[in-house]
Amino acid sequence: MRRTFVLLVLALSSLSLAQQRVTIDFWHSMGGVLGEATEALVKDFNAAQNRITVRSQFVGSYDDGLNKLRAALQAGGQGRPHVIQVYDIGARFMADSGAVLPLEDLARANNFDLSQFVPQPRNYYTVDGKLYGLAFNSSNPILYFNAQALEQAGIPYRNTWSLADLEEAARKLTIKDASGRTTRFGLTIPIDSWFVEQFSYNSGQFFCNNENGRKARATEVTFNNPAAVAFVDTWARLVREGVAANTGRNWADSQSLFAQGNAAIAIYSTASLTGVLRQIGGRFPLRTAFYPYLNERNGTAIGGAAVYLLRGFSEAETQAAWEFIRYLLRPETQAKWIIGTGYFPVVKGVVELPSVRQAYVRQPNYTTALRQLETSKVNTASAGCLMGGFTEIRQIVQSAIEEAIRGKPAKQALDEAKQRADQVLARYNASVRQ
């Protein structure tokens, strides 16, 4: 009888705990190496306590995730997650959507000190004076070098490179056979608008008006600025001359080319670093450097993504989601994240942790993006463009790059792209105008 009573008490206790446990959904867009690191953090969080269960779901690319969220919101919010990772250019949409609970409000309500965050990531996700998302995986673009190829060509390594410096090095590093066919490209860049955006910022130029949409809502694009034109023109010329590879929009194809030693210089995100190192293996030593600029280095903007907390859930679920977000941003969690990926920390004090110091000593290339961030000027150019319709506008820019590679003058390609992009932006602004 006593044994039956004990079993009953245990069963009721287990039922009570199960009823108290809160389950929340987390959508993310991290695949491959980055997905492994993301799922490890979720697993650790679930194992560290018994009150909250996070169900993580990979929802495809950043674009796929944002489109899935839009569909859920259009359906009245049915099936939306509690927490979602949205890339940098989705910041304007997330603020305008009305579906987001500003994390600045939650932070203040929970006496959470926002000053512990690195200023640039925090500033990027501040819209109309309020912080909506908290940067999670922050990145910037960097140069990747085959150090062995540099040495053999007699090209000295340095941290900073102008566009002219980069072109000169790429030409020296290009190898062609007797028939003129390129056997090793000097440079490889995936066709992505992000690199044009970042070259604009790093050269002190804006990608959209009203100082990158930071002084007032952006109403037109300015990606036909002199820096962007120079970058696209140089890139396209080098491709046509067989100095730069054209691997299309697929980053994986470009990374494979570089890792196999068939391109000597590459441009990727710092988030690609762990994956690229794995692909290279012991084939050649890798060196990384700051992103190039036109005449004078200004500073790159934050790339990557932030986590957002959606409205409309119970108090218990909202608090559980907030606790999960806080866990992702703890220095110890960030340490594990940056060591496993190549992203840089978004909270202060992480680089002083012993595990991070040791990792940086073992692989100094992990410090490049962090030093680039620390030495960037903090202004509205390096803050990055804040505008709606950015996903569609990026596609327009990428088409313009492809047109330039096929022979259209870069200025003409970007001028024509601007006309189409301005129409996209006007439609977006009209859709959210009160």
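Helix α18 runs for 16 residues and spans 23 Å from its first C-alpha to its last, close to the 22 Å expected at 1.5 Å a residue (the expected span being 1.5 Å times one less than the number of residues). Helices (H or I, at least four residues) and strands (E, at least two) are DSSP runs numbered from the N terminus. This is a predicted model, where local features need pLDDT of at least 70 and side-chain atom pairs count only at pLDDT 80 or more, while totals for chains, interfaces and linings use all residues. Residues are numbered from 1 along each chain as its sequence is written, and side-chain values use heavy atoms, with hydrogens and water left out.

- Twelve of the 16 residues of α18 are buried, so the helix is largely enclosed by the rest of the structure; buried means under 20% relative accessible area, exposed over 50%, and partly exposed in between (1.4 Å probe, protein chains only).
- Among those buried residues are Phe-390, Ile-393, Arg-394, Val-397, Ile-401 and Glu-403.
- They pack against α3 (62–74), β3 (83–87), α9, α11 and α19 (410–432), with contact meaning heavy atoms within 4.5 Å.
- After α18 comes Gly-407, with a positive phi near 125°.

- Leaving out residues up to four places away in sequence, Leu-386 touches Ala-91, Arg-92, Val-127, Cys-208, Asn-212, Gly-213, Arg-214 and Ala-218.

**The nonpolar core**

- The largest nonpolar core holds 142 residues, and Met-94, Leu-134, Tyr-308 and Met-387 touch the most other members; such a core is a set of buried Ala, Val, Leu, Ile, Met, Phe, Trp, Tyr and Cys residues joined through side-chain atoms within 4.5 Å.
- α11 gives this core its largest share, nine residues.

**Cavities**

- Searching the whole structure turns up three cavities of 30 Å³ or more; a cavity is a set of points on a 1 Å grid over the protein atoms alone where a 1.4 Å probe fits but cannot get out, and lining residues have an atom within 4 Å of a point.
- The largest cavity holds about 60 Å³ of space, volume being the space filled by probe spheres set on the points, which are joined across faces, edges and corners.
- Its lining includes Leu-163, Glu-167, Phe-231, Thr-234 and Trp-235, and α11 supplies the largest share, four residues.
- The second largest cavity holds about 50 Å³ and has 13 lining residues, with Asp-88, Tyr-124, Glu-197, Tyr-201 and Ile-302 nearest its centre.

**Helix α15**

- In α15 (residues 331–341), the buried residues are Thr-333, Gln-334, Ala-335, Trp-337, Ile-338 and Thr-341.
- Their cover includes α2 (32–48), β6 (134–139), α13 (273–280), α14 (315–328) and α16 (354–362).
- Gly-342 follows α15 and has a positive phi, near 115°.

Technical notes
1 Å grid on protein atoms, 1.4 Å probe; cavity = no way out; pocket = protein on both sides within 12 Å on 5 of 7 lines; lining within 4 Å.
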